[in-house]
Amino acid sequence: MFPPATSGRLLFLTLVFLFFFTRSGALTLTITPDRGTNIRIWSLQVKGCQVCSGSGRQRHCSSSLQLKDSGRATAVEFTCSAPQDQFSVEITRNIECSVKSCSGHIVQADSGSLPLLAFDRKFTWNLQAAAPTALRLDFGRNEGLRQVNGSEDCPDHHSYSLLVSEGREDVVVGRFCRRGPISSAQILNRGRFSLDVPGQRRMQGGQFNVSVGQEIKSLAKVTLTLPRGRSSVQLFSPNYPGSFPDDDMMEWFFQLPEQHSAHVQVLESTKPQCLKKRVALEYHSSARGATVLSITDPQPQQNHGNFSLMLRNCEMDRRRSGSSGLRLSFNVSLSHQNTKASCRVDASKLEGSSLHIKKLRPQASNCQMKINSVSKDEMTVASGAELWFQDCLSADVQVTASRTIECRQFSNCPRTPTRLTLPLLPPCVPAPLSSATFSLSPPPHGTVELIPPFSSGPLRQALPGQPCSPGSLVVEVAKEDGALGHFCPGGAIMRMQVHIAAVNLTVTGTASRALQGPVMSVLMKEEIAERFMFFVSPKRDSPVLLATPGWPGAMGPYSTVSWLVSVPPGTEAWLTFANLSQPKCSTRHTSVRVQRLDRKEEDYSRREDEPAEDVVVSHSFYLNMSNCMPEKGHFSVVTKLTLKKSSNLLLTIILSVVAALVLILVVVLAVVCVVIRRKKKKLSHQVSIYNPNGSVFLPGMRTDAEDEHEYASIEDTLVYTHLLRKGREVGVYGDFDTYRPFTGATDSQKPLVAGGPTQRSEGQQLQEAPPLPSRPLGHSQDQLQDQDHGIGLVDNVIYRSREENRGSLGPRLDPEGGN
């Protein structure tokens with residue numbers, strides 16, 4: 001917070017302080033606050049010495065003065081010669097934290113307040129946390145702080161305080177001195193961290209880091225890292241010797257060294273009168289769970305590593321007289337556990353493996369190991385051996401396991417996969433298994449197939465930028481001349497085949513979890529064409545990186561590798577060669593080929609002298625790579641495989657939808673056409689009836705004539721037979737076998753039907769029908785009724801067009817002798 005000043009500046013400011021000038025007993029200082037800090041000078045005496053700033057009419061004197069970060073030097077004058085006996089100084093700065101980071105750290109330096117070195121100074125950092133996370137102060141594991149009673153003085157006269165704002169009340173979490181086991185503290189909401197330095201003393205430089213903490217439920221959480229060996233630390237409840245706040249919690253977290261135990265002893269306590277809940281001490285540890293005790297109960301000894309201690313207050317009854325509230329002080333003592341353990345090795349628990357136990361720090365630890373009563377710093381454990389350990393910690397011992405599986409002839413090889421299981425360590429061994437190595441030897445020209453267990457799922461290759469998760473199981477596949485790759489769960493490799501004489505499989509990361517079941521299954525198979533084969537089953541929209549064996553190192557000369565990629569229907573694989581290193585070949589060429597399983601032709605093929613391109617494959621395929629004999633450089637490839645939804649499938653869906661819409665449209669049009677045709681057919685049976693009075697009506701219409709007839713349909717033979725017979729009788733029609741057009745003065749000519757059964761000879765000319773005689777307009781209804789019904793309808797049909805054009809044709813002409 002307060003950046004350290006250079007030696008030249010310190011000397012200059014010191015001279016300014018020493019060579020002050022007095023005027024009528026007054027003291028004048030020049031003060032320049034550090035950036036981001038405020039300086040407040042105040043006195044509890046209202047009368048007497050005052051502090052002044054400004055000059056002339058702007059001069060202002062008072063019992064207090066506040067200097068803000070203005071970046072300018074300010075002349076401050078005291079009206080007495082020894083103001084340090086009456087005034088105090090407080091230098092403040094604000095630190096705010098978001099949910100991700102904080103605005104600064106606590107830097108202990110008094111360069112900006114050096115002219116005020118003679119005064120008692122209080123350095124205060126106002127802290128603001130971002131809910132729901134806390135604000136964390138790190139005091140360092142080596143230096144640290146220790147809590148003291150409010151009345152105790154610190155040896156170096158540097159006294160620290162931590163306060164938390166609970167509403168309108170400030171709760172003092174504790175007062176501290178330098179050098180102690182308290183390594184960090186976390187507070188909720190708002191708080192203040194302050195340092196009191198007496199006059200004439202320089203502040204000891206240093207820095208406390210400020211960061212975003214955890215989500216805690218107590219008003220504060222103090223972490224203590226206890227040192228090895230015997231030690232003790234005394235702690236006090238917040239506000240001590242006052243009362244702990246109502247219905248609140250305080251937490252202490254103790255980190256113990258290995259093979260150490262801690263004992264908590266309550267030294268002093270007062271128990272309040274409670275309205276709700278009760279006062280309790282809660283112990284939480286991963287080994288023993290939770291234990292809730294009263295502050296008056298004997299406290300248990302903690303023998304199982306780190307633990308938390310929480311002080312919980314009740315809702316106190318303050319109305320009763322003599323209620324003192326909650327106050328607690330307790331002591332935590334640490335002691336080293338002298339351990340001796342011995343056991344006999346059970347062969348059934350080793351799973352065919354042998355154990356190797358090695359002392360890591362022979363000179364720096366008190367660890368002693370024996371096998372069959374013989375002291376050893378390194379030993380190989382076989383079945384039936386007696387082991388003995390004394391004062392051995394987990395950091396003092398390394399435990400590894402090894403197992404060899406070989407098959408000389410295929411006839412003797414197991415038909416089913418052999419499960420590779422980690423051995424169970426004897427109970428007296430102080431450290432967990434760090435690694436296990438399996439040496440696999442197939443028959444000559446054989447292949448080793450490695451199958452990950454169902455519990456862990458498919459594997460992925462660990463590559464830069466995509467390492468295995470911390471603490472996860474890591475499988476290293478290696479051959480005699482180097483590693484092929486590191487693999488861990490969470491990928492798409494279903495199994496792998498290695499066609500070499502011997503394969504070493506090393507499993508690490510076993511100490512962080514208890515492994516159940518096999519870590520891998522192995523099967524000896526016949527020879528394959530490639531040196532390495534991987535079976536890959538990717539998931540859609542989850543990119544998979546496929547690296548050549550030994551990446552980023554080179555593939556061996558003339559070696560080959562293939563990936564058999566399974567592509568489900570409706571998807572397609574996108575291949576991108578993200579990291580491709582090509583050599584200069586002296587013999588043959590490098591090759592990168594893609595070939596679908598259902599085709600003999602290659603979809604993609606490139607050599608070292610051809611540029612690589614992205615590939616899209618819509619079916620399951622082989623990705624094959626082979627190396628040449630490099631003259632310069634090396635051959636290594638990282639392929640990015642992404643499974644996406646097939647674009648052809650999308651096109652098929654679109655076409656199907658369009659076809660369905662077209663079919664629906666055709667059906668609708670067909671229905672419309674049928675309906676219209678039925679309506680037309682229904683209307684076509686409606687025939688008009690001729691009325692000689694000059695009106696035309698449709699069937700179904702009512703008339704006054706009693707003898708009128710309505711026809712739905714009329715046969716032509718009936719109509720024309722009557723017409724021809726009567727026309728011949730009156731001499732209107734001749735014996736013609738054709739009809740002749742009307743040649744009168746009219747715009748509309750209609751052919752008339754010729755009578756007679758005679759046939760027209762070849763070449764005979766059509767004869768024109770004679771003009772129709774004039775029919776008087778005064779034909780009576782009686783005459784019309786004497787006609788045959790068929791003739792009346794024929795008149796109506798033949799002369800309908802003339803009736804429609806009566807204005808141009810003149811009066812209607814009826815045939816003579818018409819009845």
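Me: Which residue lies over the face of Y558?

Reply: The model is a predicted one. A charge counts as sitting over a ring if the CZ of Arg is within 6 Å of the ring centre and within 35 degrees of the ring normal. At 4.7 Å from the ring centre of Y558, the residue over its face is R588.

Me: At what distance from the ring centre of W574 does K644 lie?

Reply: K644 is placed over the face of W574. For Lys, the atom considered is NZ, with a limit of 6 Å from the ring centre. The distance for K644 is 4.4 Å.

Me: What is the bridge partner of W574 in β52?

Reply: Strand β48, residues 571–581, pairs with β52 in the antiparallel sense, over three bridges. W574 has its bridge partner in β52, and that residue is V616.

Me: Which strands stand at the edges of the sheet, each with a single partner strand?

Reply: The sheet is open and has four strands in the order β46-β55-β48-β52, with antiparallel pairing. One side of each edge strand is left without a neighbour in the sheet, because each has a single partner. On average, neighbouring strands of this sheet are turned by 25 degrees against each other, direction ignored. The edge strands are β46 (544–547) and β52 (615–617).

Me: How many aromatic pairs are there, and is the pair of F236 and Y240 stacked or tilted?

Reply: The count of aromatic pairs comes to 15. F236 and Y240 have ring centres 4.8 Å apart and planes at 45 degrees. Planes under 30 degrees apart count as stacked and those over 60 as edge-to-face, so the pair of F236 and Y240 is tilted.

Me: How are the rings of F577 and Y604 arranged, stacked or tilted?

Reply: F577 belongs to strand β48 and Y604 to strand β51 (residues 604–606), so the pair links distant parts of the chain, 27 residues apart. Both F577 and Y604 are buried. Their ring centres are 5.6 Å apart with planes at 20 degrees, and the pair is therefore stacked.

Me: What share of the contacts in the protein chain with a separation of 6 or more comes from residues 24 or more positions apart?

Reply: The secondary structure of the protein chain comes to seven helices and 57 strands. Of its 819 residues, 42% are buried. Among contacts with a separation of 6 or more, the share from residues 24 or more positions apart is 78%.

Technical notes: Residues are numbered from 1 along each chain as its sequence is written. This is a predicted model: local features need pLDDT of at least 70, side-chain atom pairs count only at pLDDT 80 or more; totals for chains, interfaces and linings use all residues. Side-chain values use heavy atoms; hydrogens and water are left out. Two strands pair if DSSP finds at least two bridges between them. Helices (H or I, at least four residues) and strands (E, at least two) are DSSP runs, numbered from the N terminus. Axes are lines fitted to C-alpha atoms, for helices over the stretch in contact, and angles run from 0 to 180 degrees between N-to-C directions. Rings of Phe, Tyr and Trp (its six-membered ring) pair if their centres lie within 6.5 Å; planes under 30 degrees apart count as stacked, over 60 as edge-to-face and the rest as tilted. Buried means under 20% relative accessible area, exposed over 50%, partly exposed in between (1.4 Å probe, protein chains only). Contact means heavy atoms within 4.5 Å.
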